Amino acid sequence: MEPGGVSVSAVLPAGGSGERLGGATPKQFCAVQGRPLVSYAVRAMERISWISDIIVVVSPENIETMKTIIEKYGHKRVTVVEGGITRHRSIFNGLKVFAEKQFSSHLFQKPEVVIIHDAVRPFVEEDILSKVVMAAKEHGAAGAIRPLVSTVVASAADGCLDHSLERARYRASEMPQAFLFDVIYEAYQQCTDYDLDYGTECLHLALKYCKTNAKLVEGTADLWKVTYKRDLYAAESIIKDNLSQEVCVITDANETVAQVGFLLPESLKRQIKVETVSISQSRNDNHLQSIFSGQCYNFVCVNDKKCAIQETQQLVHILEKSDIPLLHPVVLISVYLDISGNNSFSIGMEELASIKKFARETKKKNILVYGLLIQYKPQLQSKICQRGQWTASRRGEQNVLWMNTTLFMLISVYDGWHLKTQLKFFTVQTKDPSLLQETVNSAAALIMALIKDRNPELIGQLLVA
Ligand SMILES: Nc1ccn([C@@H]2O[C@H](COP(=O)(O)OP(=O)(O)OP(=O)(O)O)[C@@H](O)[C@H]2O)c(=O)n1
Ligand SMILES: O=C(CO)[C@H](O)[C@H](O)COP(=O)(O)O
C-alpha cells in the first residue's frame with residue numbers, strides 16, 4: 001500500500017570510490033557476509049511493494065559489476081545508471097531518467113515522491129521510508145536525522161577553536177530523504193557547479209533553490225553510513241546478529257534420537273527462537289520453505305549416525321528448489337548421534353571426507369554445512385559410598401543428583417550387645433541424566449557459536465560435543 005496514495009520511486013547513489021574506507025574495491029561492492037553492501041540497500045528498497053522503480057547510480061567502470069550483482073541476487077525493478085564525479089552529480093543523473101528521455105533507454109514514469117538513499121546505508125526499514133515519504137508529500141522534502149554524538153566546533157585559521165555549537169540544537173543529517181520529485185529536480189537544475197561539486201546535503205538544495213523547508217524525522221541508530229573500515233565490521237556484526245535470531249531443529253521420532261531431539265531444542269531455547277520440525281514434516285517442501293521464507297537461515301538436522309547426511313542432503317535440495325534467493329548464507333548443522341557406548345571413535349575417515357566434500361559443494365550454493373558429533377554413552381556408574389560420603393552428598397554436593405535415583409542398602413549389624421543400624425555402603429548403577437544434559441548443553445553452545453560466527457572456513461568440519 002503506497003503511503004498516502006502517492007507514487008514513489010528511489011534513487012540510490014552508488015558511484016563513489018570509498019577513499020576513506022581504503023582498499024581497491026569501492027565500499028558499496030565490498031562483501032558483507034559474502035554479498036556486496038549495495039545489494040543490502042537494494043534489497044531493503046525492493047522488498048517494499050510501494051516503491052516502483054529503483055535507480056542505482058554507479059561509476060561507468062562499475063556498470064557491468066552492478067548488473068552482475070542484480071542478476072546474481074535476483075534483484076527486481078532495478079535500473080543501473082551512470083554516475084558523475086560527485087555524489088550530487090550522481091544523484092542528479094539518477095533523477096534525470098524520470099524526466100529526460102536521453103538518459104535512459106526508456107522514460108520511466110515520473111514519481112510524485114522520490115526517495116534518495118545512499119547505497120552504503122544497508123539497514124533502512126519500511127517504517128522510516130514511509131515516514132519520510134509522507135512528510136515529503138506534505139512538506140515538499142523530508143530527511144532522517146539523528147542526535148549528534150560529538151559537539152561540532154569551528155576552528156579558526158590558526159587551528160584554534162573559533163566557536164562551538166550548542167549540541168542539543170543540532171542534528172546529524174542521515175538518509176533516507178524524500179522529496180516531491182518536482183522540488184528536488186528543480187533544485188538540481190537550478191543549483192550551481194559549486195553546489196554540485198562541493199555540496200553534501202540534498203535538503204539544503206531544496207531549501208536554497210525551492211524555498212522548501214524539509215521536515216526532519218527522527219531515525220534509528222542503524223541508519224549510519226558505512227564510511228570507514230570499522231563500519232564494514234559493524235555492518236557484518238549487525239547482519240550476523242540479525243541472522244542468529246531463529247533456528248529450525250529437525251529431529252527424528254526414533255527412540256535413540258528422541259531424547260537428544262527433545263533436550264537440544266530446550267537447551268537452545270535459552271538463547272534463540274527455536275522451531276522444531278519432525279523428519280516427516282521436513283519432507284514436505286512447502287513446510288520447510290515457509291520457515292525459510294520467514295527469515296530462518298539456520299537449520300540443525302538431528303538424526304542417527306547412519307542416515308544423517310542423507311537427511312541433510314534432502315534439506316539442501318529443498319532449500320535449493322525454493323524460489324527464495326539465498327541472500328544470506330544458510331547455516332546447516334548435521335548432528336550425528338553416537339550412542340554406541342564404546343570408547344572408540346565411531347566415525348571413519350571415509351565419512352569425514354564425504355562430509356567435507358558435500359560441504360564444499362553446498363558452499364557454492366551459499367549453504368554452510370558443519371558436522372557435530374554428540375557423543376552420548378549410556379553410562380553405568382558404580383560407586384561405593386560410605387557414611388562420610390553420604391553426609392557430604394546430603395550437604396548438596398554434586399553426587400546428590402545421582403544418589404537420589406539410586407538404590408542404597410541399610411545394614412544392621414548385631415555385635416552381641418547392640419543392634420547397630422548402619423548406612424555402610426550402597427551401590428549405584430544408573431544412566432547419569434546430568435551427564436547427558438551437560439553434553440547437550442555443550443552441543444547447543446557449539447551450535448550457537450557456528451550460527452553466530454557463520455565462518456565459511458569451518459565448513460565440513462566435525463565438532464565433538
Ligand atoms: N561520485 C559519487 C560519490 C559518491 N556517491 C555515493 O554517495 C554515497 C555516500 O557518499 P560517500 O560515503 O562519501 O561515498 P564515497 O564518496 O565513495 O566515499 P569517500 O568520500 O570516502 O571516497 C555512497 O553510496 C557513494 O557511492 C556517488 O554516487 N557518486
Ligand atoms: O548524510 C548525507 C546527506 O545528508 C550524505 O550521506 C552525506 O552528506 C554524504 O556526504 P559525503 O559524501 O561527504 O560522505
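**Stop 1: the second largest pocket**

Select Arg 47, Asn 242, Leu 243, Gln 295 and His 328: they lie nearest the centre of the second largest pocket, which is lined by 25 residues. A pocket here is an open set of points on a 1 Å grid over the protein atoms alone, with protein on both sides within 12 Å along at least five of seven lines; lining residues have an atom within 4 Å of a point. This is a predicted model: local features need pLDDT of at least 70, side-chain atom pairs count only at pLDDT 80 or more, and totals for chains, interfaces and linings use all residues. Residues are numbered from 1 along each chain as its sequence is written, chains are lettered from A and ligands numbered from 1 in the order in which they are written, and side-chain values use heavy atoms, leaving out hydrogens and water.

Now show α1 (37-46), α8 (229-243) and α11 (285-293), which each give two or more residues to the lining of the second largest pocket. Helices are DSSP runs of H or I with at least four residues, strands are runs of E with at least two, and both are numbered from the N terminus. α8 gives the most, with four residues. The pocket's volume is about 580 Å³. A volume is the space filled by probe spheres set on the grid points, which are joined across faces, edges and corners.

Colour the lining of the second largest pocket by class: 13 nonpolar, six polar and six charged residues. Ala, Val, Leu, Ile, Met, Phe, Trp, Tyr, Cys and Pro count as nonpolar; Asp, Glu, Lys and Arg as charged; the others, Gly among them, as polar.

**Stop 2: the largest pocket**

Which residues are closest to the centre of the largest pocket? Select Gly 16, Arg 20, Lys 27, Arg 87 and Lys 225. The volume of the largest pocket is about 860 Å³. β10 supplies the largest share of its lining, four residues. By class, the lining of the largest pocket has seven nonpolar, 13 polar and 10 charged residues.

**Stop 3: the sheet**

Show the strands in the order β5-β4-β1-β6-β10-β7-β11: they form an open sheet of seven with mixed pairing. Two strands pair if DSSP finds at least two bridges between them. At the edges are β5 (78-82) and β11 (215-218), each pairing on one side only.

Zoom in on β7 (residues 141-147) and β10 (residues 171-180), which pair in the antiparallel sense over six bridges. Pro 147 has Arg 171 in β10 as its bridge partner.

**Stop 4**

Select α5 (residues 181-190) and α7 (residues 202-210). Their axes are 8 Å apart, and they pack at an angle of about 80 degrees. Axes are lines fitted to C-alpha atoms, for helices over the stretch in contact, and angles run from 0 to 180 degrees between N-to-C directions. α5 and α7 are therefore roughly perpendicular to each other; angles of 65 to 115 degrees count as such.

Where do they meet? Among the contact residues are Val 183 and Tyr 188 in α5, and Leu 205 and Tyr 209 in α7. Contact means heavy atoms within 4.5 Å.

**Stop 5: the cavity**

Finish with Ile 250, Ser 282, Leu 288, Cys 301, Glu 311, Gln 314, Leu 315 and Ile 318, which line the largest cavity. A cavity is a set of points where a 1.4 Å probe fits but cannot get out. This one holds about 30 Å³ of space. Helix α12 (residues 308-321) supplies the largest share of the cavity's lining, four residues.

Methods:
Parallel < 35°, antiparallel > 145°, perpendicular 65-115°, else oblique.
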